[in-house]
Amino acid sequence: MPRKEIETFAVSWLQVLDETGTADPELDPKLPQETLLELQRAMVRARESDARMLRLQRQGRIGTFGPCTGQEASVCGPALAMAPQDWFAGSFRELGGRQIRGEPLTNTFLFHNGFEEGNVQPAGVTRLLPVSIIVGAQTLHAVGAAYAMKYRGEKACVVTFLGDGATSEGDFHEALNFASVWQVPVVFIVQNNQWAISIPRRKQMHCRTIAQRAIAYDMPGLQVDGNDVLGMYVAAREALDRARGGGGPTLIEAVTYRLMMHTTADDPSKYRQDDEVQQWWDRDPLVRFRKYLEARGLWDAQRQALLEAEVKREIDQAVQEFEARRDFPPDAPFDHVFGTRHALIEEQRAQFLADLRLGEGGHA
Amino acid sequence: MPKLTMVQAINLGLDQEMQRDDRVIVLGEDVGRDGGVFRVTEGLLAKYGETRVIDTPLAESAILGASIGMALAGLRPVAEMQFCGFSYLMLPQLEGHASRFRARSQGQLTCPLVVRVPYGGGVRALEHHSEARETLYAHLPGVKVVVPSAPRNARALIVAAVRDPDPVVFLEPKRSYRAFREEVPEEEEVMPIGCAIVVRPGTDLTAISWGAMMRPTLQAVEELQKQRKASIELIDLLSLAPLDVETIGASVAKTGRCVVVQESPRSFGPAAELIAVINDRALLQLEAPVKRVTGYDVVTPYFGREHQYIASPARIRRALEETLDF
Ligand SMILES: Cc1ncc(C[n+]2csc(CCOP(=O)(O)OP(=O)(O)O)c2C)c(N)n1
Ligand SMILES: [Mg+2]
């Protein structure tokens, strides 16, 4: 038979919690109470931090940032499923995940106020790569780090996050191919939030799912309801277990939504309709999970109020700490050009310090 | 004449070129519906439709690579890189192909295309949104590099770039995008690529700059001339490649003194090339070493520090004084 079907492929979809907050009894991972409460805390903390950052930005107390509101579940689920020795290679919209990995909010503020000091993690916070603004680049770093883990025989994996827009970059496809050829322990999580600045998903790609990209690289791929934190937790845990056991990479597409502007410099009213945004507010991942907890008697209005108050106190304190910081040596960039001192750089440092006395530039 | 910002002026130039020539296609990330993140392409989609104003998927190498194909096949693409910091992803296509088709085919195949790239610092933006890297592009044979400094010349140069038979990297100093307005004539105006202009004539010293650094340089010159009797000639390069060696050489041969002001890192920057040009053309007329006021050879700092790293008018003025007094 000269023409026959030699392969068929399927793309699967996972949802543990439906939109009313009811868990599928067979899929419910029945996580210990402690983990459930941690998930709740992480998502509320991310949501509140985001809201505060938006205010700080509008008041001119920090610079541009990309809000994560609406995407807490797709990041916090996987981040909590990670082991301490795993690597986190994110892009720029994973605040909740960075917090779970231990990044203090003061760092986030410093970073968004234009200081590299925000990338310097306190002792104990490791394997958390800085925010990666070059869209898609981090996926390759993740593959390399995963190679290193495999080479050194460490039982550690790498989780990398990217957006739907990032799947158009060559780097992403090259990363999938390398990961697949090398069979390294890396989990790609695409936060498909439907938009890449003003470009809707349907203009970004012609294919119907991002998950199906995995098929071409012969790796497991699935689509998950990204506003279902339990679904995201389960999907990531499965992928991590497989990777840790030598089973190679996985691609997870989290279907979610960017409820806010792309960044604070963006005006989404130019390109999208409010009713679309409203439909997604109706699928708020935080509301869904709270219903689940409430139905199990683990949560109520009072606990919610307590948690919000506690988180706000934490944020207040971080704002204070951040705004009290004054130690930004102007010549720090000269310290970090190379690992060793060089006469040319030192000569320029001396010149820079002398120039500084004459006044600062940046004039329009 | 309407007073326009540089953003509006480039928009006007693109609009008129699209009107004039239906081979002109605008493409890039967010250039359509959103009108570009800086609004340079605002209104073009509504006027010319989706086949001529293309919101592309997010891939810089593809944007330039596809533009090359369009140009080879007779279109006149004007591609946008959203920020200079992301334009390096197009480098393999620019160096490997756009710059070479003419030579490769002995003139049979050409790449008349424009890549617009907002570049430079001073807008308090995130990492990769504030560096000046014009050297990377100016170093490539076969690529023209244009840097407007004000609304009117930006409009006249974008028109020239669209009509140019070769690939043009059009670096838009984003600090100047909305910093000031200028009268820009409605009727067509074109400036030649590869020509510098003498902004103000003088006899004692030549000050040379381009792009966003023109304004602090002009300020320094004006301040100094209030303070002391000195006649300073100010040159705006407008094109970094090809460099207008004649204007530069003639000016410095006349004044005997020169200061070059550049935002980008010092080593291998355009100022170094200018000094070499002066060496070739006016060495024996020099009365003082040529000075360069530049950025430093450090990784471009985040915006918390960037204002300390871009030369201030005071720094420029001191260089002018030291050169005059040498
Ligand atoms: C290589 C590169 N090109 C362009 C940009 C500018 N840019 C920043 S975010 C973005 C859209 C990203 O969309 P997506 O990957 O869906 O992530 P999201 O912003 O939705 O989280 C663009 C075009 C960039 N940062 N890096
Ligand atoms: Mg997106």
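How are the donor residues of the magnesium ion (ligand 2) spaced in sequence? The spacing is D-x28-N-x1-W, where donors are N, O and S atoms within 2.8 Å of the metal (3.2 Å for Na, K and Ca), and sites may look incomplete as water is not among the atoms. The model is a predicted one, in which local features need pLDDT of at least 70 and side-chain atom pairs count only at pLDDT 80 or more, while totals for chains, interfaces and linings use all residues. Residues are numbered from 1 along each chain as its sequence is written, chains are lettered from A and ligands numbered from 1 in the order in which they are written, and side-chain values use heavy atoms, leaving out hydrogens and water.

The ion is held at 2.0 to 2.1 Å by A:Asp164 (OD), A:Asn193 (OD1) and A:Trp195 (O). A:Asn193 is buried, at 4% relative accessible area, and A:Trp195 is likewise buried, at 8%; buried means under 20%, exposed over 50% and partly exposed in between (1.4 Å probe, protein chains only).

Turning to chain B, an automatic or database domain assignment gives domain 1 (3–183) and domain 2 (197–325). Their centres, taken over C-alpha atoms, lie 26 Å apart. Contact, meaning heavy atoms within 4.5 Å, involves 29 residues from domain 1 of chain B and 24 residues from domain 2 of chain B. Between these domains there is 1 salt bridge, a term for a side-chain nitrogen of Lys or Arg within 4 Å of a carboxyl oxygen of Asp or Glu. The side chains of B:Arg175 and B:Glu263 also form a salt bridge, with 3.1 Å from N to O.
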